[in-house]
Amino acid sequence: MVRRLSSDSAVLTDEYAIRIGRWSQYAGTDRLPFHAMWCVVPPGGTSAQDCHPEGELAVVVGGQAAFVIEDGEPQPTPVGTAVLLDPKERHTIRNLSDTEPVTLLSIYWLPGADASRDEVGPDGR
């Protein structure tokens with residue numbers, strides 16, 4: 001059975017000056033090794049600046065987005081682009097369209113001790 005999780009049917013709340021749909025609203029997602037949420041930036045809108053201890057992978061699934069990292073210049077981020085954010089990296093998301101929303105899938109996790117097991121040491125092991 002295919003489980004479909006759609007931003008179109010998600011319950012969204014107002015957070016960070018955008019609309020957020022946390023995946024905790026879906027049954028069974030508490031067993032995933034990460035957290036996730038839908039983020040919807042309204043036409044012409046910008047998220048509040050965010051900075052958190054989690055790593056984050058944000059995938060643009062709709063609209064015309066631009067990411068601003070650490071107060072740098074806005075970087076256009078077309079649909080299908082993934083942005084990998086390090087823990088504590090300040091960022092905002094801008095919607096470059098005045099008529100259509102931007103929709104993102106945000107996947108985030110706390111870095112942990114288990115992450116080091118995937119690293120390759122200087123001797124290649």
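1. Quick ground rule before anything else: two residues are in contact when they have heavy atoms within 4.5 Å of each other. This is a predicted model, in which local features need pLDDT of at least 70 and side-chain atom pairs count only at pLDDT 80 or more, while totals for chains, interfaces and linings use all residues. Numbering runs from 1 along each chain as its sequence is written, and side-chain values use heavy atoms, with hydrogens and water left out.

2. Start with Cys39. Setting aside its neighbours within four places in sequence, Cys39 is in contact with Ile18, Arg19, Ile20, Val102, Thr103, Leu104 and Ser106. Cys39 also turns up, with Phe67 and Leu104, among the residues with the most contacts inside the largest nonpolar core, which has 15 residues. A nonpolar core here is a set of buried Ala, Val, Leu, Ile, Met, Phe, Trp, Tyr and Cys residues joined through side-chain atoms within 4.5 Å; buried means under 20% relative accessible area, with a 1.4 Å probe and protein chains only.

3. Where does this core draw two or more residues from? The contributing elements are strand 2, strand 3, strand 4 (55–62), strand 5 (65–69), strand 7 (82–85) and strand 9 (102–109). Strands are DSSP runs (E, at least two residues), numbered from the N terminus. Apart from this core lies another, of seven residues, including Ala10, Trp23, Ala36 and Ile107.

4. Now the rings. Rings of Phe, Tyr and Trp (its six-membered ring) pair if their centres lie within 6.5 Å; planes under 30 degrees apart are stacked, over 60 edge-to-face, and the rest tilted. That rule gives two aromatic pairs. Trp23 and Tyr26 have ring centres 6.0 Å apart and planes at 80 degrees, so they are edge-to-face. For Trp23 and Trp38 the centres are 5.8 Å apart and the planes at 50 degrees, so that pair is tilted. This second pair links distant parts of the chain: Trp23 sits in the loop between strand 2 (18–22) and strand 3 (35–41), and Trp38 is in strand 3, 15 residues apart.

5. Ring pairs join Trp23, Tyr26 and Trp38 into a cluster. Trp23 counts as buried because its relative accessibility is 12%, and Trp38 is buried too, at 8%. Tyr26 is likewise buried.

6. Last, Thr77, found in strand 6 (residues 75–77). Is Thr77 buried or exposed? With 4% relative accessibility, Thr77 counts as buried. Leaving aside neighbours within four places in sequence, Thr77 is in contact with Val60, Ala65, Ala66, Phe67 and Val83.

Note on methods: Helix = DSSP H or I, 4+ residues; strand = E, 2+ residues; numbered from the N terminus. Buried < 20%, exposed > 50% of the residue type's maximum accessible area, 1.4 Å probe, protein only.
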